[in-house]
Amino acid sequence: MSGQDEYRSDYPRSPIGDGNPYYRCACCGRSDPQINGRVDGHHEDCEWRLEQERTAPADAQSSNAGKTPEQRARDIMDQACLSQTYVRNGVDAALRKDIAEAIRDAVSEARRDMGQGIPEGIEGSAAPSVMGIPVDNPKWDEAGKTHDWRNHVGDNVRTLWGTLTTAQRLAIALDAESDADCENWD
């Protein structure tokens, strides 16, 4: 998670007053609910915002430069101990999304490294399977409750399944498997 995306409430604040329970930025006057913990929630000419943007890395992605997806996932997990303030303000949902994306990237990279992508000349060969389920006949009604790639293929794609090539079916099944692998049940 980049510095621009993290929840921030360290700006100078003052009460709005007149019976309003909220505070506002003392520099630009925007209320806490309008700011919602985001640097870009302040007015564009806010002194505090301008200082934060000036001192922040020029490229939000620079913190991930040269890192493998596994290292990115580890970095995100290191930040996963969230205070109640972060949870109340929805930052935990954004963090879970970042973790899922980092893990999905790591899985994709690992598959490429192990040669488990879509093989050349797949058409005409024996039908491949994903997690032991043949892509040519996935038996949609037998999908398990969790961690089953068939649950991540939409009805529209299922309707067209018979018209797709084996390579197309395999590509969809592999993407759906990545989603299934990232399922997290509370």
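Reader: How many disulfides does the structure hold?
Author: This is a predicted model, where local features need pLDDT of at least 70, side-chain atom pairs count only at pLDDT 80 or more, and totals for chains, interfaces and linings use all residues. Residues are numbered from 1 along each chain as its sequence is written, and side-chain values use heavy atoms, without hydrogens and water. A disulfide is a pair of cysteine sulfur atoms within 2.5 Å. The count is 0.

Reader: Which cysteine sulfur is nearest to that of Cys 25?
Author: Cys 25 is in no disulfide. Its relative accessible area is 1%, so Cys 25 is buried (under 20%; exposed is over 50%, partly exposed in between, with a 1.4 Å probe and protein chains only). The nearest cysteine sulfur lies 3.8 Å away and belongs to Cys 46.

Reader: How far is the nearest cysteine sulfur from Cys 27?
Author: Cys 27 is partly exposed, at 37% relative accessibility. Cys 27 is in no disulfide either. The nearest sulfur is that of Cys 25, at 4.4 Å.

Reader: Which residue in E2 is the bridge partner of Gly 17?
Author: Strands are DSSP runs of E, at least two residues; helices are runs of H or I, at least four; both are numbered from the N terminus. Strands pair if DSSP finds at least two bridges between them. E1 (residues 13–17) and E2 (residues 20–25) are antiparallel, with 4 bridges. The partner of Gly 17 is Asn 20.

Reader: Which residue in the hairpin of E1 and E2 takes a positive phi?
Author: The hairpin has 2 residues between the strands. The phi is near 50°, and the residue is Asp 18.
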